[in-house]
Amino acid sequence: MTGFLRVDGTRIVNEDGKEVILRGAGLGGWMTMENFITGYPGCEFQIRAALADVLGPQKAAFYFDKFLEHFFGEADAAFFKSLGLNCICIAVNYRHFEDDMNPRVLKPEGFKHLDRVVATCAKHGIYTIIDMHTAPGGQSGGWHCDSGTHIANFWIHKDFQDRLVWLWAEIAKHYKDEKWIAGYNPMNEPADPKHLGVVNFYDRVYSAITTVDPNHMLFLDGNTYASDFSRFPDDAATRWPNAAYSIHDYTAYGFKWGLEPYEDTAVQRARVNDNYKKKRAWMDARGLCVWNGEWGPGYASREQDGDAMDELNERRYKLLKYQLGYYAEDRLSWSIWLYKDIGFQGMVYVSRETPYMPLFKDFLEKKRRLAIDLWGADDKDVRHIYKPIVKLIENNVSNKEHLKLYPYPVGSVGSRVTTQARNILVGEFLVKEWAEHFRGMSEEELEKMAESFKFENCIEREGLNKALREHAETEQGTN
């Protein structure tokens, strides 16, 4: 049996004081579903409600339970361990544990599948991190916080904050003796416009968790999507002992919206590495522990990129290997995004031959053409529609400083139009269409759909997994 991990200065160590470098991936799209990961439009709460309308509440609940059952199991853990990886960050949605219409009443069934996966990972010698990917009211304007709005209401409603602090105390009580849990990530990618609410929340949630569970470490994301620590307290080391600080080391070179094709030149490498160093500079100046909670490129597909797929992906693999190189130099713990999806970023992805993928083939093509999702979208077919809206706003706001709404410069007028018009507005009009694909299905047919996500029905992304395996073999014994 392993002991609890803890923070020792800039390192994560075990009970014997030996350094442990966590190398792993995010289990997204499971207990926090995301549109680009499994192919629906809009937000999780919307598709759950729509499917209940189509199938009835009981059959809809059956499908989603089977989805959770099959998405991650014994075979997934065994494969993950075979790559030499040792940690899975599990993204969870608060709605599994608490109902908005019945707040502060714990739903015990919320732990059913989480307990199973934590135990399965432990069996294979894999640590887990519990990552609160959503917060009541939404901690950002992103689709991944499952709020359905671009306003981060968590920061302007104290009751939302009180509920999440309460929930974390309940989760910590539940897992306080589980030594294979490396720690808790209380909030994924906060986006607090005032920058002070996030510090206040961390004060409160740190106290709530450590009061009932003094053993587990915490992973604290920087503000503005894990990028900004500038307003964090200088006394963080003593204020929040046993905490690591989470950056998300994405680079534009890994996506279609990159500055230019990644050629692995010295100039490009320097740009990527400088961006990484800036993200962790605040921690480095104070001798604090850094965890890279998300990173990794998106990948080309035959459907979207045709004959250019292989060349594009080779560029992404070069970028990936370069990043792994400087992580190794810094002895950085990291969690690549992501483990499983339907084909954009996953280490494994659902086969086109499963029941799910042919059923949604035309729908997914429509989503692609309309650029409904933010993550991984190519807006080439609709850019001409939205560009005039951006120009309309820019041309009619007299004071150009007023265009710089938070989270500028991370966000822009264009990105706000993308979020509110494409992702939220157009996306919600397709929610019912997604659900209608399930109409008339029996429970047997619904389970076949859910089984599409089983490991044996997935394809391994060979280039990505080869890079991760080779990195693990190179770094073996460095813990």
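How many disulfides does the disulfide rule give? The count comes to zero, where a disulfide is a pair of cysteine sulfur atoms within 2.5 Å.

## Basis of the report

This is a predicted model, in which local features need pLDDT of at least 70, side-chain atom pairs count only at pLDDT 80 or more, and totals for chains, interfaces and linings use all residues. Residues are numbered from 1 along each chain as its sequence is written, and side-chain values use heavy atoms, with hydrogens and water left out.

Cysteine 43 takes part in no disulfide; its nearest cysteine sulfur belongs to cysteine 145, 7.3 Å away. Cysteine 43 counts as buried at 6% relative accessibility. Buried here means under 20% relative accessible area, exposed means over 50%, and partly exposed is in between (1.4 Å probe, protein chains only).

Cysteine 458 is likewise in no disulfide, and the nearest cysteine sulfur, from cysteine 121, is 16 Å away. With a relative accessible area of 14%, cysteine 458 is buried.

## Aromatic pairs and cluster

The structure holds 46 aromatic pairs. Rings of Phe, Tyr and Trp (its six-membered ring) pair if their centres lie within 6.5 Å; planes under 30 degrees apart count as stacked, over 60 as edge-to-face and the rest as tilted. One of these pairs joins phenylalanine 97 and phenylalanine 111, with ring centres 5.0 Å apart and planes at 55°, so the pair is tilted. Both residues lie in the loop between β4 (87-92) and α5 (112-123), so the pair ties together parts that are 14 residues apart in sequence. Helices (H or I, at least four residues) and strands (E, at least two) are DSSP runs, numbered from the N terminus. Both phenylalanine 97 and phenylalanine 111 are buried.

Tryptophan 295 and tryptophan 334 have ring centres 5.5 Å apart and planes at 85°, so this pair is edge-to-face. Tryptophan 295 lies in the loop between β9 (290-294) and α11 (302-305), while tryptophan 334 is in strand β10 (residues 333-336), so the pair ties together parts that are 39 residues apart in sequence. Tryptophan 295 and tryptophan 334 are buried. One aromatic cluster includes Tyr40, Phe64, Phe71, Tyr356 and Trp434.

## Charged side chains

The charged end of arginine 48 sits over phenylalanine 64, 4.3 Å from the ring centre, and that of lysine 340 sits over phenylalanine 71, 5.1 Å from the ring centre. The rule asks for NZ of Lys or CZ of Arg within 6 Å of the ring centre and within 35 degrees of the ring normal.

Arginine 461 is in the loop between β13 (458-460) and α19 (462-475). Arginine 461 is buried yet has no salt bridge; aspartate 341, the nearest side chain of opposite charge, is 5.0 Å away. A salt bridge is a side-chain nitrogen of Lys or Arg within 4 Å of a carboxyl oxygen of Asp or Glu; Lys and Arg count as positive and Asp and Glu as negative, while His and the chain ends are not counted. Not counting residues up to four places away in sequence, arginine 461 touches residues including Tyr299, Tyr317 and Phe344, contact meaning heavy atoms within 4.5 Å.

## Backbone exceptions

Most residues other than glycine have a negative phi, and most peptide bonds are trans. A cis peptide bond joins tryptophan 337 and leucine 338, with omega about 20°. Another cis bond joins tyrosine 408 and proline 409, with omega about 5°.

Aspartate 264, not a glycine, has a positive phi of about 65° and counts as partly exposed at 24% relative accessibility. Alanine 371 has a positive phi of about 55° and counts as buried at 1% relative accessibility.
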